[in-house]
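This report goes through a structure with several chains, one chain at a time. Please keep the sequence and the model in view while reading.

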Amino acid sequence: MLSILTIIWALIVGIIVLGFIAASAMFLIWWERKVSAHIQSRYGPMRVGWHGVLQSVADAVKLLLKENIIPAEADKLVWWLAPFIAVVPPVMAFVVLPFGKNLIVKDLNVGVLYLMALSSVSVIGIFMAGWGSNNKYSLIGGMRSAAQIISYELPLILSMIIVAMQAGSLSMQKIVLAQAGCWNIFHPNLAIAFFVYLTSATAEINRVPFDIPEAESELVAGFHTEYSGMKFAMFFIGEYTNLFIISAIAATLFFGGWQGPVLPGVVWFLIKSYGIVFVLMWVRWTFPRLRVDQLMGFAWKVLTPISFFNLALTGWLLIK
Amino acid sequence: MKKMRPDEISAIIKSKFPQVTEEAGTNYIIVPKESILEVSQYIKNPPLALDNLHCITGIDRKEKIEVVYTLYSIGEHHGVTLKVNLTLEDLNVASVSAIWKSANWLEREVYDLFGVIFSGHPDLRRILNPYDWQGYPLRKNYSNPDFIAKPRM
Amino acid sequence: MDATQTKDMYTEEFLINMGPQHPSTHGVLSLELKLDGETIRGCTPHIGYLHRSMEKIAENRTFTQFIPFTDRLDYVASMNNNLGYVMAVEKLLNLEISERAKYIRVIIAELNRIASHLIATGTFAQDLGAFATPLFYCFREREKIVEIFDQICGNRLTYNYMRIGGVMADLSGEIIEKIKEFIEYMRPKIDDYDELITYNVIFLARSKHIGVLSKEMAINYSVTGPNLRGSGVKWDLRKDEPYLVYDKLEFDVPVGENGDAWDRYKVRIEEMRQSLRIIEQAIESLPQGDVTVKVGRVHKPSVSETYFRTENPRGELGFYIVGDGSVYPYRLKIRSPSFSNLAVLPELVKDIKVADIVCVLGSFDVLMGEIDR
């Protein structure tokens, strides 16, 4: 029984969240270009606005004006639907991110489980993009991505479970409050879980060193070769939104979320999230990429055993 | 660093194969086209150990086409040049690509530009020109409407 | 068809065309790959997209007029191509050049070798996925070399600097100071590359034991240059058949152990260090004198032929020149190193993954301009 007020409130919250997502994605795209440029001893975008701040806006306008090319032999429905399926799960994940003490859209008491479920859905979008394009390169990219994401789900979920065990709850706010005395990163077994989480999450969002699905030097552009204009923009925004989300989850689960002295909670949350985003960008512009069989080998032979061992260790430490 | 002088090398080859001759004034060895395979097999083994077929050049001498093999030895630091003369009616010579694998692409290039057929070559097709090109461009009598020679000094 | 395959559901190999337009094939090269999943079962290279018939053009140009054409062979190391050609013509004409010209030629050739290896390193790291960062660093270093060349001869890419009988222009004191500064600047940068790329765990995992080229196969296929040295054969024309003044200069020849992609890459990095040593010594011993011998612009060799080879950054560049008494060469054959280097590629890619073929091709450092001529 929804009253009018609830509906209006829901709409307002939705608009705020979507606005934040759009602004954040634009900011991240600009920031990535600047970070990469300075690592490579050059400047990056400098013309559009102060130090190129409005570059993302200019790019978005350009992409909107581009011609929508649909490959002739493509599986039309699958091809058309793929960007949406890739983009919607990250947006949905914003529901359980705790921005501040009371700034959370809905503190589901199965927050962590909800996030794990969503991370598995985006891969379907990528796979649909690969299949629907009717292009050998895209197909290879889509299949590689599916294999990669499925392999790295397990270490990812195990690290999140370890944190949930430590806090005694699956709700995101309760996990933050459980770190009131000491952030999770300072416990040794949780520090290991943090590194496992960060590696698996990088693989989940297809970033270097795990960016095989879009390996530019081998497959031109992988699964999004045949997308142009706004559809390509949707994949792009989805990727950067994903980047922000995994950093925000890392900040929440391991670094104490919005807690911190002096400054309001929101500011601390954003500082921590963007800090982890910066580390991921730094890694991207430094390392080469792994080959697909080395990547799978790493997930199954290294990360998964470490996670299981860590799980047993955490359990033992808790009942001791 | 044993290094045989060119006249020593040609003396050894001539003593083993009396049918080869030497080009006047130089140490280039002219091999009749029937003997190219056995001469190649011999010179690849020690003592000559010419294991590096560096370059195969085709030269159109108007009444004949010369195929020039430039060979070197990495272990012994010496080299030799073999020549095979082919008449225009019979542009056929055995391929040495089984002995030196570098001959595979080098002979394809001579076929592409001169029209010399290397019998026994595993994959004799054009390499630089498109596969359906007509004519052999580096021959002196090659004519093509797009090819206009500069006026000579 | 094995037991897992039935009439209606079977797997077959599929053909994929890598190129001619592809971000990693270093020019217009088309590789026809037969894939079985991610594994390559066969590879056929198709070349000739950049064939400009230089050898035919040479029959209609005087010897001096052909020098700018040699620039366009291996456009990344133009000075070395010029050098190979003019030395072959000088051998045909039995021409001796001045000592100063020999030293200048050595300095310039080694500078260009560094520039060429920088591109090889940067693009190799980029192909493996280290997206653009090593490439930008290498190009920043190459920019300094190219600026020096710009001051010497006016060009940044195709120099047309060497002449039959010497070089085009002298090196002024200011340029020599700049070269000395560059040497000091470059030494720590090569150590930077070692830290960033060479010993990185991911880089090692991607390039060790990939594309192993054995000694016998390398010699049989007439592979030359850093590719041959990466397979363990200690052969460098500058030491084994010295030309110019290389026999008076002290330097080492780096050799790899296993013949894999990492060894070939490491040989190039080491060669850059050795080139810096050579340039230093050459600058110290630079004698005074003229830079060209007084010969005309038009040369008429006797009826004779000759073959001369030099050590290019990519291998051994050979020129077979036949003179017939006129001012034009009767036949000019260019033996390019990348042509023979590329021929061995189909042997090395049996049963490796698609990602590795990019690694192998990058480690071979081929350039289509000199393959197709």
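In the hairpin of S2(C) and S3(C), which residue takes a positive phi? Gly37(C) does, with a phi near 75°, and the hairpin has two residues between its strands.

The model is predicted: local features need pLDDT of at least 70, side-chain atom pairs count only at pLDDT 80 or more, and totals for chains, interfaces and linings use all residues. Residues are numbered from 1 along each chain as its sequence is written, and chains are lettered from A and ligands numbered from 1 in the order in which they are written.

**Strands in chains C and B**

Strands (E, at least two residues) and helices (H or I, at least four) are DSSP runs, numbered from the N terminus. Two strands pair if DSSP finds at least two bridges between them.

| Strand pair | Sense | Bridges |
|---|---|---|
| S1 (residues 14-18) and S2 (residues 30-36) of chain C | antiparallel | five bridges |
| S2(C) and S3 (residues 39-46) of chain C | antiparallel | seven bridges |
| S4 (residues 64-72) and S5 (residues 79-87) of chain B | antiparallel | nine bridges |

Leu31(C) in S2(C) stands opposite Met18(C), and Leu31(C) also stands opposite Pro45(C) in S3(C).

In chain B, five strands form an open sheet with mixed pairing, in the order S1-S2-S5-S4-S3. Strands S1 (21-22) and S3 (52-60) of chain B are at the edges with a single partner strand each, so one side of each has no neighbour in the sheet. Leu71(B) has Val80(B) in S5(B) as its bridge partner.

**Helices in chain A**

Helix H10 (residues 229-254) of chain A packs against helix H11 (residues 265-284) of chain A at an angle of about 120°, with the axes 8 Å apart. Axes are lines fitted to C-alpha atoms, for helices over the stretch in contact, and angles run from 0 to 180 degrees between N-to-C directions. The angle makes H10(A) oblique to H11(A); oblique is what remains after under 35 degrees (roughly parallel), over 145 (roughly antiparallel) and 65 to 115 (roughly perpendicular).

Residues are in contact if their C-beta atoms, placed from the backbone, lie within 7 Å. Among the residues that meet are Leu243(A) and Phe244(A) in H10(A), and Phe269(A) and Ile276(A) in H11(A). By class, this contact has nine nonpolar, two polar and one charged residues. Ala, Val, Leu, Ile, Met, Phe, Trp, Tyr, Cys and Pro count as nonpolar, Asp, Glu, Lys and Arg as charged, and the others, Gly among them, as polar.

Notes: Contact = placed C-beta atoms within 7 Å.
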